[in-house]
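Here are my notes on the model you sent over. Have it open beside you while you go through the points.

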Amino acid sequence: MKYERLTQEQLKEMHKEFINFLASQSITKEEWEDIKTNKPKVAEDELDVFSDLVWEGVLNKVNYLEHFSPQQLFLFEFTDQHINLIGIKIENEAVDINTKEGFQWLRDNLLNDDIQIYTSTKALSEDRNKDIFALIKQGAHITKGKLYQYFNGMVEK
């Protein structure tokens with residue numbers, strides 16, 4: 001398995017897609033019930049393959065990730081060949097940007113000496129999606145990139 005199996009909740013949400021996946025392999029509902037009962041390892045393998053296909057489809061579309069911690073914000077942009085990072089570090093431990101108030105403090109105090117903004121670029125490995133998945137496993141979330149674009153406009157000036 002390349003990524004990780006979808007949760008039961010995710011599999012429920014993708015019930016129709018899973019049925020289509022089984023149908024593409026000419027597996028009927030009755031055959032699937034038989035496989036689950038009599039060949040649980042085969043059923044597990046099918047769930048793993050389906051999960052990898054879903055993850056691959058999602059990761060192919062990712063262009064931006066965000067990762068928040070109490071005093072740091074990591075904004076990632078993915079191109080075909082690079083990961084661009086904008087990092088924001090807050091030196092004031094009384095501020096927690098995971099809260100509405102803390103994030104507002106960040107917005108109001110961008111020029112404060114307690115805030116460090118830095119950038120970095122790194123080449124992607126041969127498997128872009130695995131790089132993205134590793135960041136998601138560490139707590140990053142897929143976004144449309146509005147925060148990245150906002151801060152990128154600031155650091156380019």
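1. How many helices and strands does the secondary structure of the protein come to? Seven helices and five strands, where helices (H or I, at least four residues) and strands (E, at least two) are DSSP runs numbered from the N terminus. Starting at the N terminus, the order is α-α-α-α-β-β-β-α-β-α-β-α. The radius of gyration is 21 Å, well over the 15 Å that the globule rule gives for 157 residues, so the protein is more spread out than a compact globule. That radius is taken over C-alpha atoms, and the rule is 2.2 Å times the number of residues to the power 0.38.

2. Some housekeeping before the details. This is a predicted model, with local features needing pLDDT of at least 70 and side-chain atom pairs counting only at pLDDT 80 or more, while totals for chains, interfaces and linings use all residues. Residues are numbered from 1 along each chain as its sequence is written, and side-chain values use heavy atoms, with hydrogens and water left out.

3. On overall dimensions, the C-alpha atoms fill a box of roughly 65 × 35 × 20 Å along the principal axes. Buried residues (under 20% relative accessible area, against over 50% for exposed and in between for partly exposed; 1.4 Å probe, protein chains only) make up 36% of the 157 residues. Taking contacts (heavy atoms within 4.5 Å) between residues at least 6 apart in sequence, 69% join residues at least 24 apart.

4. Have a look at helix 6 (residues 128-137). Seven of its ten residues are buried, so helix 6 is largely enclosed by the rest of the structure. The buried set includes charged-type names such as Arg128 and Asp131, along with Ile132, Phe133, Leu135 and Ile136. Their cover includes helix 4, strand 1 (64-69), strand 2 (72-78), strand 3 (82-90) and strand 5 (141-143). Just after helix 6, Gly139 takes a positive phi of about 115°.

5. Trp55 sits in helix 4 and counts as buried at 12% relative accessibility. Leaving out residues up to four places away in sequence, Trp55 touches Tyr3, Glu4, Leu6 and Phe133. Trp55 and Glu4 are 51 residues apart along the chain, with 8.3 Å between their C-alpha atoms. Leu47, also found in helix 4, counts as buried at 16%. Beyond its neighbours within four places in sequence, Leu47 is in contact with Arg5, Leu11 and Phe18. Its C-alpha lies 8.1 Å from that of Leu6, 41 residues away in sequence.

6. Now the largest pocket, with a volume of about 430 Å³. A pocket here is an open set of points on a 1 Å grid over the protein atoms alone, where a 1.4 Å probe fits, with protein on both sides within 12 Å along at least five of seven lines; lining residues have an atom within 4 Å of a point. Of the 16 lining residues, His15, Phe18, Leu22, Trp32 and Lys36 are the closest to the centre. The lining divides into eight nonpolar, three polar and five charged residues.

7. Last, please check Ser26. Ser26 lies in the loop between helix 2 (15-24) and helix 3 (29-38), and has a positive phi of about 60° although it is not a glycine. At 59% relative accessibility, Ser26 counts as exposed.

Terms used:
Points joined across faces, edges and corners; volume = space filled by probe spheres on them.
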